[in-house]
Amino acid sequence: MGEDGAVTSAPQRPDGPFPAPRLIATDLDGTLLRDDKSVSLRTVAALAAAEEAGIEVFFVTGRPARWMDVVSDHVHGHGLAICANGAAVVDLHAGREFVQVRALPRATALTVVDTLRAAVPGTSFAVEMTTGINYEPAYPPFFQDPGATVATAEKLLREEADESSAPVLKLLAHHAELTPDEFLALARSAAGAYASITRSSPTALLEISALGVSKASTLELCCAERGISPAEVVAFGDMPNDVEMLRWAGSSYAMGNAHPDVIAAASGRTVDNNEDGVAVVIERILAEHAARA
């Protein structure tokens, strides 16, 4: 399918045309990155051109800070990225230093663990902290971490639970039998009053943050600090953890490979991540910007 036919423009809001964008917010996996986790030369060029045109670029991802090397060379200007679904703002120019942490209280995390164990038997957990990830024996070792502590979630969350403890960024919950969307619906029904629950994996793996913490809410804080309104933001995403951000942004694009909920939330659609869908839209934005200049 050709690029021109596959990209739809975001519709205008009732109050008139969008102002020129001042910030681009993009997810990484399944969105900016190709399936082999690379950043294409076309995308690198588009990001650099946006920054040169005065448009800030924020990477907004579910990834932890330690997995940001893949894009750290492509952050210009501010050097900031939003990680862990909004639980952390990280300075990639300063060695992935945490600039802001919106932690999940350990007591809340324990309540969520207890609730999901009762409501969805067979759930296993991992605990993502600012210092790294620890997990239960039954949790699948998606990425082996030789420094991880293996213990029950209850022990991981209670151990050294004082002011000196590393902040908890999010819980990860896995189920071996449910489909991803079934697991998400059950978890939100049982524990959604205690925490923000979403997913970005093709497997039944949930990501659980403090209540009210999301890509959207942390991006909103970062934009407010810069005097940038939602109407001046263009956002890109592909999975349920992007939905709130796409609804918040004045202009938003679902990738061609996006989850149905993401397509419904976005105001436009681009081609898939392996066809450089983010770059396609950025190039059009810059061309329109140049034509108006």
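**Salt bridges in the chain**

A: Buried residues make up 54% of the 293 residues in the protein chain, where buried means under 20% relative accessible area, exposed means over 50% and partly exposed lies in between (1.4 Å probe, protein chains only). This is a predicted model, in which local features need pLDDT of at least 70 and side-chain atom pairs count only at pLDDT 80 or more, while totals for chains, interfaces and linings use all residues. Residues are numbered from 1 along each chain as its sequence is written, and side-chain values use heavy atoms, with hydrogens and water left out.

First, the setting. The protein chain has 11 helices and 13 strands; these are DSSP runs numbered from the N terminus, helices being H or I of at least four residues and strands E of at least two. The radius of gyration is 19 Å, close to the 19 Å that the globule rule gives for 293 residues, so the chain is as compact as a globular protein of that length. That radius is taken over C-alpha atoms, and the rule is 2.2 Å times the number of residues to the power 0.38. Of the contacts with a separation of 6 or more, 59% are between residues 24 or more positions apart, a contact being heavy atoms within 4.5 Å.

Now the charges. The chain has 22 positive and 39 negative charges, and their mean positions are 2 Å apart. Lys and Arg count as positive and Asp and Glu as negative, with His and the chain ends not counted; each charge is placed at NZ of Lys, CZ of Arg, CG of Asp or CD of Glu. Side chains of opposite charge can pair when their charged atoms come close. A search of the whole structure finds 15 salt bridges, each being a side-chain nitrogen of Lys or Arg within 4 Å of a carboxyl oxygen of Asp or Glu.

One of them joins D276 and R34, at 2.8 Å from N to O. This pair links distant parts of the chain, 242 residues apart: D276 is in the loop between strand 13 (268-269) and helix 11 (277-292), and R34 is in the loop between helix 2 (28-32) and helix 3 (41-52). D276 is buried, with a relative accessible area of 7%, whereas R34 is partly exposed at 28%.

Another salt bridge is between the side chains of R226 and E56, at 3.2 Å from N to O. R226 lies in the loop between helix 8 (215-225) and strand 11 (233-237) and E56 in strand 2 (residues 56-60), so the pair ties together parts that are 170 residues apart in sequence. R226 counts as partly exposed, at 24% relative accessibility.

K170 and E207 also form a salt bridge, with their closest N and O atoms 2.9 Å apart. Here K170 is in strand 8 (residues 168-174) and E207 in strand 10 (residues 205-210), so the pair ties together parts 37 residues apart in sequence. K170 is buried at 5% relative accessibility, and E207 is buried at 4%.

There is also a network of salt bridges that links D27, K215 and D242. As for T26, this residue lies in strand 1 (residues 23-26) and is buried, with a relative accessible area of 0%. Apart from neighbours within four places in sequence, T26 is in contact with T31, L32, F58, F59, V60, F236 and V278.
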